[in-house]
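Please keep the sequence and the model in view while I talk.

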Amino acid sequence: MPSKIAGTRRPSAVRGGGRAPATPRRTRGGGVRRLYERALKAWDRPLTAYYVIIGAALLITMLGLVMVFSASMITALRYDLVPSYFFRKQFFAALLGTGLLLAASRMPVKLHRALAYPILVGAVFLMVLVQIPGIGHSVNGNQNWISLGGPFQLQPSEFGKLALILWGADLLARKQDMRLLSQWKHMLVPLVPVAFMLLGLIMLGGDMGTSIILAAILFGLLWTAGAPTRLFVGVLSVAGAIGVLLIKTSDNRMKRFDCIGATDPGGEGAPCLQAAHGIYALASGGWFGSGLGASVEKWGQLPEAHTDFIFAVTGEELGLAGTLSVVALFAALGYAGIRVAGRTEDPFVRYAAGGVTTWITAQAVINIGAVLGLLPIAGVPLPLFSYGGSALLPTMFAVGLLIAFARQDPAAKAALAMRRPGWGKRAGVRWKSMRRRVKKRPSGER
């Protein structure tokens, strides 16, 4: 007989005479890989972009309201106003913007296209009115405002961004249907001349920052339309040459380039005062900030704390964690917009979604880059976050466009259609199943 060896066991017999299957061993990276695969699967669902756009825009707007209230209290007291003055105006604008967002998200694509020309004509008319003495008003050296009576003012150039996107998307979609975009003249005319007309009206008021955003929207539309590289580089070169000329001929704009990365604020009224104190605010915030309302820079050292440099106050009060959260929300919103533009078969939806995504992401990059000292101060607000109703209203309407376009995706539309009737039936079945059907017995019987 064979001798038994200590510490060994014979393999257990299984049916068919084979050996028992070996149990799979858990690897160290197995859990991480499974989580990664689940995240990819969840991100690839039809309604992911729809919910990401809604959630990111809602969180940015709500956090912006909180930071506007915190950053504007001292400024309001300095002008003998109640501390919540700017917050109440921003909250009122957010309510109006929510109505515009809901309306835009429920409109069909045909209605969006029908509104393109009226919005463009209205924006051009208001931008012309700005240049008429007695109607247009100057704020911080830029004459781009119209007084609406009392404390309310309107900046028509903000609506010019939305007008260019809707009109340009409709124009390019119609030309694509007629197969004309393969010719460079149809790619450029009349899109580029109209965009340059809007740029000229804005530059008459001296607003270089809004002009940069409008130029970015134009390049975004051309890029989404598949403009050839030579054509794209040519338009970019012309726009860059005009921009350099406008910057060289203005001492104020040249000083803004000198303040890139500045850490010495200088004396009162120094050109780099705002840039240096923005860096101070971010540096003093640390990892988790000094707490809401505890900012030091907003007490007068940092100009425009609740508008252009609200990101600096956010970094001081909420720290690196708060600023990275804001950046992550904008990144998620931008990626969801790109996904909507890339998955649609409707050319108008693709161009409009690409234009809106370019607008929001480019403006966020320019604002945050200026606060970080990486870009010159352009004087543009942080979308959905900074104080300013004229900037908030068209931006929320544009977010409503993205929501409507995300709903138009066939897979998303099918998923939403399945959820609406199914929820009520499932809830009814669940409610009925929870009831205990007990047969009535005579009184006294157990």
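When I say that residues meet or are in contact, I mean heavy atoms within 4.5 Å, and the helices (H or I, at least four residues) and strands (E, at least two) are DSSP runs numbered from the N terminus. This is a predicted model, in which local features need pLDDT of at least 70 and side-chain atom pairs count only at pLDDT 80 or more, while totals for chains, interfaces and linings use all residues. Residues are numbered from 1 along each chain as its sequence is written, and side-chain values use heavy atoms, with hydrogens and water left out.

Which residues of H2 meet H3? Leu65, Val68, Phe69, Ser72, Thr75 and Ala76 in H2 meet Tyr85, Phe86, Phe87, Gln90, Phe91 and Ala94 in H3.

Turning to H5, residues 116-130, this helix has 15 residues and reaches 21 Å from its first C-alpha to its last, close to the 21 Å expected at 1.5 Å a residue, where the expected span is 1.5 Å times one less than the number of residues. Its buried residues (under 20% relative accessible area, with a 1.4 Å probe and protein chains only) are Ala116, Leu120, Ala123, Val124, Met127, Leu129 and Val130, and what covers them includes helices H4, H6 and H8 and strands S1 and S2.

H6, residues 156-177, reaches 32 Å over its 22 residues, close to the 32 Å expected. Because 18 of those 22 residues are buried, H6 is largely enclosed by the rest of the structure. Just after H6, Arg179 takes a positive phi of about 60 degrees.

Note on methods. Buried < 20%, exposed > 50% of the residue type's maximum accessible area, 1.4 Å probe, protein only.
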